[in-house]
Amino acid sequence: MTTTATQGPKGRPDPGGRPGVPPRPATHAHPGQAPRGHASPGAALAVLPHVLRTALAWTDAHRGDFALPDDVLDPRTQVNATLKPLGELAQLCSTVRAATDPGTPEHEVAGDLVMYAWEQVSHGALLLELLRAEPFAAYPYEIYAAFAGYGLRHEGFEALARPLTATRAWAHTEQHANRQLGLINSERRVGVLTHTDAGAVLSRTWLGGLSEPWTFEGPSGYALTHTVFHLTDWGRMPDRVPEKTDAYLRTWLPAWADGCLESGQWDLTGELLAVGASLPGPAPLELLDAVWPVLADVQHSTGCVPETGVPVHEDALDPYPFIDCYHSTLVTAFAAALSLRSLRPTDKRTDKTTPGRERHTP
């Protein structure tokens with residue numbers, strides 16, 4: 001079992017190269033230029049409420065497809081097709097709920113889906129069994145942290161996890177810097193001392209190194225987006241983005257989004273939109289206004305969004321296999337909720353989160 005609740009769609013090695021041709025580097029676009037031509041002011045706000053509502057409606061209607069099988073604890077069970085989708089459901093819907101106003105249908109549906117996921121893991125007991133079976137695997141802890149950040153706790157899980165996460169082995173597990181940031185954020189959510197300094201880890205990522213923008217493609221794109229998600233606690237703490245990283249992203253997100261649109265990488269497009277809506281300060285209006293109408297047109301009338309390829313517009317209850325659209329649909333809802341929040345200046349740009357204790361490298 002090697003995947004976690006914070007990875008992208010199926011079929012990619014961590015942090016992920018998807019099968020097929022990756023998005024081409026968007027060198028034809030100028031830095032900071034809105035993708036796909038002129039961005040009409042207010043275009044994002046015109047489509048976002050419908051995009052969010054229908055993406056959540058599709059997810060709610062397909063909640064049964066996220067259900068865990070009876071043999072989920074069998075070591076031969078494929079985590080990518082079972083625990084991973086459920087963990088993503090919990091993580092992304094918890095952020096949607098935090099970013100939407102209490103009493104709205106979107107807020108209530110998102111919360112209901114988080115509770116459904118919590119029931120599927122037997123209110124944490126299943127995650128405790130996974131931790132016992134694989135005590136130094138990151139994914140049970142990260143899935144648990146998605147619930148802990150929502151306020152759902154299991155005493156037995158934390159009693160076992162506490163001594164494990166204090167070991168030298170836990171602190172020195174070898175993994176990509178992007179993935180290490182995910183573990184640090186999980187520790188913050190659970191409320192324990194982080195095993196290392198997030199700033200030092202960020203400097204070792206593709207994004208933290210301010211890599212040459214023309215080297216952007218599939219694996220680096222997903223590594224970049226998840227670096228921001230882990231750094232900001234999935235968009236809840238935008239002020240954690242360093243100033244130079246913020247400036248770099250504001251300059252190059254439009255060009256990268258343009259490349260993704262051109263190559264039909266809808267899932268990565270949604271993640272880049274979520275990154276743009278997770279930045280501190282003013283929302284990147286031209287980016288949101290230029291890209292959201294395109295992604296809204298890709299969205300099927302049922303609310304689902306394909307990961308890649310030519311979108312289907314014919315009437316059908318299930319135009320794509322579940323495994324080919326669940327993640328991109330969740331990402332679309334997640335990005336839409338964050339984008340709506342960023343476009344409403346009266347909304348708070350930060351949410352309460354479980355305080356962890358930070359290590360700082362001297």
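This is a predicted model: local features need pLDDT of at least 70, side-chain atom pairs count only at pLDDT 80 or more; totals for chains, interfaces and linings use all residues.
1. Start with the helix pair. Helix H11 spans residues 243-262, and helix H12 spans residues 266-276. They pack at an angle of about 160°. Their axes lie 9 Å apart. Angles over 145 degrees count as roughly antiparallel, so H11 and H12 are roughly antiparallel to each other. The crossing of H11 past H12 is left-handed.

2. Now look at the residues in that contact. H11 contributes Leu249, Leu253, Trp256, Ala257, Cys260 and Leu261. They meet Trp266, Leu268, Thr269, Leu272, Val275 and Gly276 of H12. By type, the contact has 10 nonpolar residues, two polar and no charged.

3. Next, find Trp206. It sits in the loop between helix H9 (198-202) and helix H10 (218-231). Leaving out residues up to four places away in sequence, Trp206 touches Ser211, Glu212, Thr215, Phe216, Ser220, Leu224, Tyr248 and Trp256. Trp256 also belongs to the H11 side of the contact with H12.

4. Phe216 is 10 residues away along the chain, and the C-alpha atoms of Trp206 and Phe216 are 9.3 Å apart.

5. Finally, check helix H5 (residues 138-148). Is H5 mostly covered or mostly open? H5 is mostly covered, with 10 of its 11 residues buried. Among the buried residues are Tyr139, Tyr141, Glu142 and Phe147. The buried residues of H5 pack against helices H2, H3, H4, H6, H7 and H8.

How values were computed: Residues are numbered from 1 along each chain as its sequence is written. Side-chain values use heavy atoms; hydrogens and water are left out. Axes are lines fitted to C-alpha atoms, for helices over the stretch in contact, and angles run from 0 to 180 degrees between N-to-C directions. Helices (H or I, at least four residues) and strands (E, at least two) are DSSP runs, numbered from the N terminus. Angles under 35 degrees count as roughly parallel, over 145 as roughly antiparallel, 65 to 115 as roughly perpendicular and the rest as oblique. A crossing is left-handed if the near helix is turned anticlockwise from the far one by less than a right angle, and right-handed if clockwise. Contact means heavy atoms within 4.5 Å. Ala, Val, Leu, Ile, Met, Phe, Trp, Tyr, Cys and Pro count as nonpolar, Asp, Glu, Lys and Arg as charged, and the others, Gly among them, as polar. Buried means under 20% relative accessible area, exposed over 50%, partly exposed in between (1.4 Å probe, protein chains only).
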